[in-house]
Amino acid sequence: MTIDVAAQDARLEALCALAQETRDFMDAVALTEVGGSEIAAVAAELAALTARLRAAARETPQPLEIGADGTVRHLGNAVTGAANPHALPLVVERDPERGVRADIAFRPLHEGPPSAVHGGISAMVLDHLLGQAVAAAGVAGLTGTLTVRYRATVPYGRPLVATAEHTRSEGRKSWADGRIALPDGTVLVEATGLFITPAEWVGLKVT
Ligand SMILES: CC(C)(COP(=O)(O)OP(=O)(O)OC[C@H]1O[C@@H](n2cnc3c(N)ncnc32)[C@H](O)[C@@H]1OP(=O)(O)O)[C@@H](O)C(=O)NCCC(=O)NCCSC(=O)Cc1ccccc1
């Protein structure tokens, strides 16, 4: 469920590269142990860079694009958007056996309890993945409710796998289940969610 950015637009390619540099920068901020004067010098340089980017700023969201093969690209998405420094960015794929899947490696930046991932970050990833599972089933909707069960703390810095699948639909309401697990299948966090197709989306094909 990705569209090759590099093949389409050199400016977007540059923007996605900047977002990745920004992620690397944020990781470095989270982990740095350099001295106070060096931190202050870096902060001053960063403020100058921020001013350069603000010289021309958009006032509308990044558009959600649908490719010829039905793939969806939303570069501004906080979970998957390659142009959003907040995004992991997660690359969500169709899973031939289940609905959708994504490989994840959380980073120290995502810390909640010491040495573990913040529960809200896990919930955010699962919210997104469940939403993509219902979209993949042709019943795209917005999250109405999300229930998360945290079975074990989620480590950062290790490869993990997230999966989700659409379970049923009734009218405009669709349900999906998902989980974040270790590569051996041990489930760390699981979620179930209700997604509601806004009336104006009925009949639209978004995946
Ligand atoms: C669209 C809707 C959720 C529902 O509005 P309408 O269409 O006007 O609904 P209407 O009143 O016509 O009721 C129809 C039926 O649904 C039921 N029901 C309604 N609400 C709830 C509920 N909360 N919980 C439970 N049930 C509810 C209601 O009782 C009725 O049931 P009935 O037929 O009598 O059995 C609206 O409240 C909204 O926009 N909320 C904000 C959503 C939002 O921002 N979410 C976060 C952003 S998405 C994201 O980040 C993840 C993502 C990532 C990637 C991809 C995809 C997703």
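This report covers the ligand shell, salt bridges, domains and selected residues of a predicted model.

## Basis of the model

Because the model is predicted, local features need pLDDT of at least 70 and side-chain atom pairs count only at pLDDT 80 or more, while totals for chains, interfaces and linings use all residues. Residues are numbered from 1 along each chain as its sequence is written, and side-chain values use heavy atoms, with hydrogens and water left out.

## Domains

The protein chain is divided into domain 1, residues 5–55, and domain 2, residues 90–201; the bounds come from an automatic or database domain assignment. Between the C-alpha centres of the two domains the distance is 29 Å.

Two residue pairs give further distances. Leucine 12 and leucine 142 are 130 residues apart in sequence, and their C-alpha atoms are 27 Å apart in space. Leucine 12 belongs to helix 1, residues 10–31 (helices are DSSP runs of H or I with at least four residues, strands are runs of E with at least two, and both are numbered from the N terminus). Its relative accessible area is 12%, so leucine 12 is buried (buried means under 20% relative accessible area, exposed over 50%, and partly exposed in between, with a 1.4 Å probe and protein chains only). For arginine 151 and alanine 14, the separation is 137 residues in sequence and 40 Å in space, C-alpha to C-alpha. Arginine 151 sits in the loop between strand 5 and strand 6 and is partly exposed, at 48% relative accessibility.

## The ligand shell

The residues around the ligand are Asp127, His128, Gly131, Gly141, Leu142, Thr143, Gly144, Thr145, Arg172, Lys173, Leu194 and Ile196 (a residue is near a molecule if one of its heavy atoms lies within 4 Å of it). Three elements each supply at least two residues of this shell: helix 3 (119–136), strand 5 (142–150) and strand 8 (187–196). Strand 5 gives the most, with four residues. By class, the shell has three nonpolar, six polar and three charged residues (Ala, Val, Leu, Ile, Met, Phe, Trp, Tyr, Cys and Pro count as nonpolar, Asp, Glu, Lys and Arg as charged, and the others, Gly among them, as polar).

Threonine 143 places a backbone N or O atom 3.2 Å from a nitrogen atom of the ligand. For glycine 144, a backbone N or O atom also lies 3.2 Å from a ligand nitrogen. Arginine 172 has a polar side-chain atom 2.7 Å from an oxygen atom of the ligand. Taken alone, the ligand exposes 1100 Å², and the protein buries 45% of that (accessible areas come from the Shrake-Rupley method with a 1.4 Å probe; for residues, only the protein chains shown count as cover).

Histidine 128, one of the shell residues, is found in helix 3. At 15% relative accessibility, histidine 128 is buried. Its side chain makes a polar contact of 2.7 Å with the side chain of glutamine 132 (a polar contact is a pair of N or O atoms within 3.5 Å; within protein, one must be able to donate a hydrogen and the other to accept it, and residues adjacent in sequence count only if both atoms are side-chain atoms).

## Salt bridges

Side chains of opposite charge can pair when their charged atoms come close. A search of the whole structure finds six salt bridges (a side-chain nitrogen of Lys or Arg within 4 Å of a carboxyl oxygen of Asp or Glu). One of them joins arginine 179 and glutamate 165, at 2.8 Å from N to O. This pair links distant parts of the chain: arginine 179 is in strand 7 (residues 173–181) and glutamate 165 in strand 6 (residues 160–170), 14 residues apart. Arginine 179 is buried, at 11% relative accessibility, and glutamate 165 is buried at 16%.

Arginine 168 forms a salt bridge with glutamate 170, with the closest N and O atoms 2.6 Å apart. Here arginine 168 is partly exposed, at 40%, and glutamate 170 is partly exposed, at 45%. Arginine 101 and aspartate 103 also meet in a salt bridge, at 2.8 Å from N to O. Glu93, Arg101 and Asp103 are linked in a network of salt bridges.

## Backbone features

Most residues other than glycine have a negative phi, and most peptide bonds are trans. The peptide bond from leucine 88 to proline 89 is cis, with omega near -10°. Proline 89 is placed in the loop between strand 2 (72–74) and strand 3 (93–94).

Serine 115 has a positive phi, near 70°. Serine 115 lies in the loop between strand 4 (100–104) and helix 3, and at 56% relative accessibility serine 115 counts as exposed.
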